[in-house]
Amino acid sequence: MTTTATARRETVEALRSIRERWAELLLAIETPPEAGWPPPQLSQLMRAGDELLVEDRAPLVLREHPAPLNLGALDTALAVEAGIFDRCDFLAGYQQAEGDDPRRWHTMSEHGPGSRAHGLHWACVWLEGRVLDEDTAPEEQLDGTYAPAPFLPLSEFLLAELHTVTRAWARRILRTLGVRDTPVPDHPCPWCAGELTLHTAPGDAPSITCATGPACTAPVDLDRRGRRVWEWGDLIDLIGALGAGELLGRVGPSTS
Ligand SMILES: [Zn+2]
């Protein structure tokens, strides 16, 4: 049986996983799934100067999606976003004191989206605060009196429900984004012409390996299996090298 402490920790982990993967999921909506290469994680890096500030992204329900390229990713994003926002609205009704405290969640109404306008990232952070029972003690004011706590502690029943749904959403996002050991087509290793493979696993940043092994002269470390590996921080260099290789191929003597 799951203890309260475990449920709390796993719910927080799920909420963090959701918001950490949110940028990838939004990118996936704009990437055709059948393309395979580049995967959404890398297309972000490949779009030079196109910074993604996910915290500033308006909620999907408030945005236009004239031509989503990956309907599976859009379905996942809409379902998770609606689920998170609905839980925030629900908990705000149960757990939140009256007043104009800036920590309050404002529920959606006929007058507007309320706190949903701040986007999913902020909603996940707010929910995490409720899961961790933050701001649930009376607070001393400047005049020495105490004001009621802004929030009530989360009941075990509500924690158990959040524990179930947030982990399901986090898993669904990973499944939607899940790509494993995908060969990189038409892009041999720039150092040894070996075959490159993209590795993505739930919970890990993507990496690329060269099949040649230690004989490959690429300036990166070897992985456990003795392959040159470009970890997340090195991928931008590899993509640069791949771009330069293509350029050389085009301007060099034709081999065909
Ligand atoms: Zn190589």
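Trainee: In which loop is alanine 193 found?

Mentor: Please keep in mind that this is a predicted model. Alanine 193 has a phi near 65°, a positive value in a residue other than glycine. Its place in the chain is the loop between β3 (182-183) and β4 (196-199).

Trainee: Which residues does proline 150 contact, leaving aside its neighbours within four places in sequence?

Mentor: Proline 150 lies in the loop between β2 (146-147) and α5 (156-177), and it counts as buried because it has 21 C-beta neighbours inside 10 Å. Its C-alpha atom is separated by 9.1 Å from that of glutamate 134, a residue 16 places away along the chain. Once the neighbours within four places are left aside, the residues in contact with proline 150 are Gln96, Ala97, Asp101, Arg103 and Asp135.

Trainee: How are helices α1 and α3 oriented relative to each other?

Mentor: Two packed helices are described by the angle between their axes and the distance between the axes. For α1 (residues 4-29) and α3 (residues 71-95), the axes are 9 Å apart and the angle is about 140°. The crossing of this pair is left-handed. Because angles over 145 degrees are needed for roughly antiparallel, α1 and α3 are described as oblique.

Trainee: What kinds of residue make up the contact of α1 with α3?

Mentor: From α1 come Ile18, Leu25, Leu26, Ala28 and Ile29, which meet Ala73, Leu74, Thr76, Ala77 and Val80 of α3. Sorted by kind, the residues of this contact are nine nonpolar, one polar and no charged.

Trainee: Which helices are included in what covers the buried residues of α3?

Mentor: At 1.5 Å a residue, the 25 residues of α3 should span 36 Å, which agrees with the 35 Å between its end C-alpha atoms. Among its buried residues are Ala73, Glu81, Phe85 and Leu91. What covers the buried residues of α3 includes α1, α4 and α5.

Terms used
Residues numbered from 1 in each chain as written. Predicted model: local features only at pLDDT ≥ 70, side-chain atom pairs only at ≥ 80, totals over all residues. Helix = DSSP H or I, 4+ residues; strand = E, 2+ residues; numbered from the N terminus. Buried ≥ 20, exposed ≤ 12 C-beta atoms within 10 Å, placed from the backbone. Contact = placed C-beta atoms within 7 Å. Axes fitted to C-alpha atoms, helices over the stretch in contact; angles between N-to-C directions. Parallel < 35°, antiparallel > 145°, perpendicular 65-115°, else oblique. Left-handed = near helix turned anticlockwise from the far one by under 90°. Nonpolar A, V, L, I, M, F, W, Y, C, P; charged D, E, K, R; others polar. Expected span 1.5 Å × (residues − 1).
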